[in-house]
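Please open the model in your viewer with the sequence panel beside it, and keep a selection tool at hand. The tour below moves from one selection to the next and says at each stop what is there.

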Amino acid sequence: MNSLQLFNLHWLCYAMTAPGNGGARYYYDGQAQKFFCTKPVAGREEPEFFNMVDLKVDVVESFALSEKLRIMEGESSFIVEIPRLQVSDKISVQLMFLSRFPGIVHEDDIRLVVEKQADAHGFVLDKMFAKNSALNPMEPYWEEFKFKTIQYYLEIYTGLQGIALKLIG
């Protein structure tokens, strides 16, 4: 996997684990082959458009994306909205991963923290790996598992087999 594919997977994971009440929406433009997001602006009907690195897109591109979103429901649309995992899905993914490592250090504590996953970006396991060096040997396995699971959920939610490969390839 090259650097761009890895970056795209990180962005997809960020988009799919975004909190439900955050207001931002995440998309893929199949025609331009780019990810982007929209964020609401107080007092305005139209949202602002941001690219993958969270920079505002220029006025011309913003207008074009706005037009594409207007026809998104049509058969000729190139826009796909990135689905979000529910908190229960995030918990299930992490518990499924942990089930591969019975008897790990602080297993009960880790499971308890996972079961209290908040509606926030990312997975609580990511934060735990960053804070607890004793878990470092598991981190590469978690990253691989997480990205494969994100791809799987994307395919399930969109109903299109192979879409994840098209989005990150």
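Contact, as the word is used throughout this tour, means heavy atoms within 4.5 Å. The model is a predicted one, in which local features need pLDDT of at least 70 and side-chain atom pairs count only at pLDDT 80 or more, while totals for chains, interfaces and linings use all residues. Residues are numbered from 1 along each chain as its sequence is written, and side-chain values use heavy atoms, with hydrogens and water left out.

**The whole chain**

Begin with everything selected and coloured by secondary structure, where helices (H or I, at least four residues) and strands (E, at least two) are DSSP runs numbered from the N terminus. The protein has seven helices and four strands, and along the sequence they follow the pattern α-β-β-β-α-β-α-α-α-α-α. Of its 169 residues, 40% count as buried; here buried means under 20% relative accessible area, exposed over 50%, and partly exposed in between, with a 1.4 Å probe and protein chains only. The accessible surface comes to about 9,900 Å², of which 56% belongs to carbon and sulfur atoms; such areas come from the Shrake-Rupley method with a 1.4 Å probe, and for residues only the protein chains shown count as cover. Among the contacts with a separation of 6 or more, 57% are between residues 24 or more positions apart.

Next select strand S1 (25-29) and strand S2 (34-39). S1 and S2 run antiparallel and are joined by five bridges; two strands are taken to pair if DSSP finds at least two bridges between them. Within this pairing, Arg25 stands opposite Thr38 in S2.

Most residues other than glycine have a negative phi. Gln33, however, takes a positive phi near 55° in the hairpin of S1 and S2, which has four residues between the strands, and with 61% relative accessibility Gln33 counts as exposed. Asp54, in the loop between S3 and helix H2 (59-70), likewise has a positive phi, of about 65°, although it is not a glycine; at 43% relative accessibility Asp54 counts as partly exposed.

**The cores**

Hide the surface and show side chains. A nonpolar core is a set of buried Ala, Val, Leu, Ile, Met, Phe, Trp, Tyr and Cys residues joined through side-chain atoms within 4.5 Å. Which of the 35 residues in the largest nonpolar core touch the most other members? They are Tyr26, Ile82, Phe97, Leu98, Ile110, Leu125 and Trp142. At least two residues of this core come from each of helix H1 (3-16), S1, S2, helix H3 (87-98), helix H4 (107-115), H5 and helix H6 (139-158). Apart from it lies another core, of eight residues, including Tyr27, Leu69, Met72 and Ile79.

Centre the view on Trp142, which, not counting residues up to four places away in sequence, touches Val93, Gln94, Phe97, Phe123, Leu125, Asp126 and Phe129.

**Helix H5**

Select helix H5 (residues 124-131), in which Val124, Leu125, Met128 and Phe129 are buried. These residues cover an arc of only 140° around the axis, and therefore lie on the same side of H5; the arc is that of the directions from the helix axis to the C-beta atoms. On the other side of H5, Ala130 and Lys131 are exposed.

Finally, select Gln94 in helix H3, which counts as buried because its relative accessibility is 0%. Its side chain reaches the backbone nitrogen of Val124 at 3.1 Å, and a polar atom of the side chain of Gln94 also lies 2.9 Å from the backbone nitrogen of Leu125. For these polar contacts the criterion is a pair of N or O atoms within 3.5 Å; within protein, one must be able to donate a hydrogen and the other to accept it, and residues adjacent in sequence count only if both atoms are side-chain atoms.

From Gln94, move to Arg111, which is 17 residues away in sequence and 8.6 Å away in space, C-alpha to C-alpha. Arg111 lies in helix H4 and is partly exposed, with a relative accessible area of 22%. Leaving aside neighbours within four places in sequence, Arg111 is in contact with Leu95, Leu98 and Ser99.
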